[in-house]
Amino acid sequence: MNDVTYFKYLFVMAIVTYLVRALPFALFTKQINNVYIKSFLAYIPYSVLTAMTVPAIFFATGSVISAAIGFSAAIVLAFKGKDLITVALCASAAVLVVDLLL
């Protein structure tokens with residue numbers, strides 16, 4: 001890729017990123033009072049974080065089986081109310097053990 005093409009792509013990406021961030025300010029001048037829209041907007045960060053994290057979990061290890069077992073361990077411990085460091089360490093240990101056994 002030459003420099004001209006690179007800067008064209010960079011310019012288009014900058015414009016798209018700016019528009020995505022600036023258009024809501026220009027279009028929505030009033031405060032949103034609808035309960036359903038507010039609740040929908042409140043869950044967007046969680047859904048985006050989940051959509052980015054879950055696929056990365058399954059492709060982070062050499063085996064999908066060990067990733068699934070580590071993910072399952074993390075889910076079980078999280079639902080039992082364990083803290084974040086405990087969940088992360090136990091999920092990592094589960095992946096390590098399964099990788100060593102496979």
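Predicted model: local features only at pLDDT ≥ 70, side-chain atom pairs only at ≥ 80, totals over all residues.
Residues are numbered from 1 along each chain as its sequence is written, and side-chain values use heavy atoms, with hydrogens and water left out.

**The chain as a whole**
- You'll find four helices and zero strands here (DSSP runs, numbered from the N terminus: H or I of at least four residues for helices, E of at least two for strands).
- The chain has a radius of gyration of 21 Å, whereas a compact globule of 102 residues would come in near 13 Å (taken over C-alpha atoms; the globule rule is 2.2 Å times the number of residues to the power 0.38).
- Its C-alpha atoms fill a box of roughly 55 × 50 × 20 Å along the principal axes.

**Helix α3 against α4**
- Helix α3 covers residues 64-79, and it packs against helix α4 (residues 84-101) at about 150°, with the axes 8 Å apart (axes are lines fitted to C-alpha atoms, for helices over the stretch in contact, and angles run from 0 to 180 degrees between N-to-C directions).
- The two are therefore roughly antiparallel (under 35 degrees is roughly parallel, over 145 roughly antiparallel, 65 to 115 roughly perpendicular, the rest oblique).
- Residues of α3 that meet α4 include Ile69, Gly70 and Leu77, and those on the α4 side include Cys90, Val95 and Asp99 (contact means heavy atoms within 4.5 Å).
- By class, this contact has 11 nonpolar, three polar and one charged residues (Ala, Val, Leu, Ile, Met, Phe, Trp, Tyr, Cys and Pro are nonpolar; Asp, Glu, Lys and Arg are charged; the others, Gly among them, are polar).

**Helix α2 against α3**
- The axes of α2 (residues 35-58) and α3 come within 8 Å and cross at roughly 130°, which makes α2 oblique to α3.
- Val54, Ile57 and Phe58 of α2 meet Val64, Ala67, Ala68 and Phe71 of α3.
- That contact has seven nonpolar residues, no polar and no charged.

**Phenylalanine 71**
- This α3 residue is partly exposed, at 24% relative accessible area.
- Leaving aside neighbours within four places in sequence, phenylalanine 71 touches Val54, Ile57 and Phe58.

Key: Buried < 20%, exposed > 50% of the residue type's maximum accessible area, 1.4 Å probe, protein only.
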